[in-house]
Amino acid sequence: MPDARQAEFAENMSTDADETFFSDVVDDEDDGKRLDKWISDNHPGYSRNYVQSLITGQKVTIDGKVITKNSYRIDSGTTVCILIPKNEIPDITPWDHPLDVIYEDDDVIIVNKPKGMVVHPAPGHLNDTLVNALVYHCKDSLSGINGVYRPGIVHRIDKDTTGSLVVCKNNHAHMSLAAQLKDHSIRRKYRAILCGRIDEDDLTINVNIGRDAHDRMKFAVTSDDKGKEAITHLHVLNRFNNFTEVECRLETGRTHQIRVHANHMRHPVLGDPLYGHNLGLKEPMKLEGQCLHAEVLGFIHPTTEKYVEFEAPLPEYYNKLIEILRICS
């Protein structure tokens, strides 16, 4: 940390031993960018909303001057200094609920999330989420980068998707995992049961995804100049009469990516309440949400800097459904 810049920054705001200080010089290619976007692009561990709260909270300076406007346009060659406050203990009700822990150390905890569990508190689910259970399990040992309602959460999976999820226990781990997510180096493999028969053994879906123009609860495939790049690689594992079991490898990680891409192929995920349905399933088995499981998660460990990989076993409902489909085929 440059002493001169730290002293200059400290003239405008107090610092604390538990706070984190960043100092960056704006490159020529970033001249004219919005301040909030530039910071979130350069520090992917911090969400855009969190960055904006830092700016309006007088935690950002440019060449020693405090900037409080998120849309401020930066100039190349200037020095942007950011002060990250020490972690706040989340004001979240701890939930004494058993977690299926696949792995845990001082940096990360890998959990096998069950179907029906929401990841972080939101209206309708304030006290019964994965975060509530994590706060009970980990106490105050969770990263604070994503805000008080998402402590430790660097990525998420949908309520009715099961499987492996990594949670960060400190800010160093969070920054490392967020950077790996941004450059698409984290290995993520899912299992899914899709409606209809897919004849190809392997295929790749590479189409952009953005908000559905007609339903804000959904996402949809968009034109090339809209939405965000989304790439999913599919490998067929089993074929049944009217269904196909596939392995999905994510190259990118957009919201609802597999579900949207599957629907775009006209092979929606079986049981998907937003994008699909129970096409052709005659067996009277109640499906609560999409048949989608985050099976494999691999990344570079933030402390050992070695590649680690974890696998979440298939849930009981999924195995039972596969047996039903085999019998009916």
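Buried here means under 20% relative accessible area, with exposed over 50% and partly exposed in between (1.4 Å probe, protein chains only). Strands are DSSP runs of E with at least two residues, numbered from the N terminus. This is a predicted model, where local features need pLDDT of at least 70, side-chain atom pairs count only at pLDDT 80 or more, and totals for chains, interfaces and linings use all residues. Residues are numbered from 1 along each chain as its sequence is written, and side-chain values use heavy atoms, with hydrogens and water left out.

Let's start with β14: 8 of its 9 residues are buried, so the strand is largely enclosed by the rest of the structure. Its pairings are listed below; two strands pair if DSSP finds at least two bridges between them.

| Partner of β14 | Sense | Bridges |
|---|---|---|
| β7 (residues 162–168) | parallel | 2 bridges |
| β8 (residues 187–195) | antiparallel | 6 bridges |
| β15 | antiparallel | 5 bridges |

H293 in β14 sits opposite T162 and is also the bridge partner of R191. Over on the β15 side, I300 faces Y307. The β14–β15 hairpin has 6 residues between the strands, and E305 takes a positive phi near 60 degrees there.

Now for H301, in the loop between β14 (292–300) and β15 (307–311). H301 counts as buried because its relative accessibility is 5%. Its side chain makes a polar contact of 2.7 Å with that of D105 (a pair of N or O atoms within 3.5 Å; within protein, one must be able to donate a hydrogen and the other to accept it, and residues adjacent in sequence count only if both atoms are side-chain atoms). A polar atom of the H301 side chain also lies 3.0 Å from the backbone nitrogen of T303. Neighbours within four places in sequence aside, H301 is in contact (heavy atoms within 4.5 Å) with Y103, D105, D107, V108, K306 and V308.

Definitions and conventions: Helix = DSSP H or I, 4+ residues; strand = E, 2+ residues; numbered from the N terminus.
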